[in-house]
Amino acid sequence: METVTVERDIDATADSVFAWISNAHNYTRTPLVISEKLRTPGRDAPYGAGAVRVLIWMVGWFAERITAYDPPHAFDYHVFRSIPPSRHEAGRVTVDDVDGSAHVVWTTTFEVAIPVVGPAITRWIAQPLMAYAFRRVLDRAADDLQ
């Protein structure tokens with residue numbers, strides 16, 4: 001398993017940043033995310049706890065369930081199906097107010113589930129690609145919220 005952590009300060013309120021990033025449809029505003037569909041709305045909010053979202057990134061197809069939702073501070077998610085196949089331990093996005101800006105930390109722990117070569121593919125290809133993709137999504141959030 002490998003962990004990707006991306007941090008970014010965005011010059012906006014934590015409320016607005018959380019609202020933007022918890023709505024995965026916004027990710028399609030980057031060229032790296034081809035499509036997003038909210039398959040099952042969450043219990044307390046469309047992208048809240050229990051929501052199932054399906055994303056097609058340039059790096060693969062991911063079905064994710066929101067496992068915890070605490071606006072405007074954090075949400076957790078779990079990838080339960082993907083192509084290429086992966087094992088996903090956890091994903092978490094936190095948003096905190098810091099000196100009038102929002103500090104975002106996006107973390108995920110995963111491994112490409114291909115026998116023998118999966119750990120190497122994860123470390124040398126998937127981990128840097130996911131970090132790059134997360135940074136681009138946060139860049140887009142910063143641009144949209146200015």
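Colleague: How many salt bridges does a search of the whole structure find?
Modeller: Eight. Keep in mind that this is a predicted model.

Colleague: OK, what does D139 meet in a salt bridge?
Modeller: Its side chain pairs with that of R8, at 2.3 Å from N to O. That links distant parts of the chain, since D139 sits in helix α2 and R8 in strand β1, 131 residues apart.

Colleague: What about R53, which side chain does it meet?
Modeller: E64, in a salt bridge of 2.6 Å, N to O. R53 lies in strand β3 and E64 in strand β4, so the pair ties together parts eleven residues apart in sequence. Both R53 and E64 are buried.

Colleague: Switching to α2, where does it bend?
Modeller: At A126, by about 40 degrees, and a proline, P128, follows within four residues.

Colleague: What do the buried residues of α2 pack against?
Modeller: Several elements, including β1, α1 and β7. The buried residues of α2 include T122, A126, M130 and F134.

Colleague: Why does T122 count as buried?
Modeller: Because its relative accessibility is 1%, and the cut-off for buried is under 20%. Leaving aside neighbours within four places in sequence, T122 is in contact with residues including E2, F110 and P128.

Notes:
Residues are numbered from 1 along each chain as its sequence is written. This is a predicted model: local features need pLDDT of at least 70, side-chain atom pairs count only at pLDDT 80 or more; totals for chains, interfaces and linings use all residues. Side-chain values use heavy atoms; hydrogens and water are left out. Buried means under 20% relative accessible area, exposed over 50%, partly exposed in between (1.4 Å probe, protein chains only). Contact means heavy atoms within 4.5 Å. The bend at a residue is the angle between axes fitted to the seven residues ending there and the seven starting there. Helices (H or I, at least four residues) and strands (E, at least two) are DSSP runs, numbered from the N terminus. A salt bridge is a side-chain nitrogen of Lys or Arg within 4 Å of a carboxyl oxygen of Asp or Glu.
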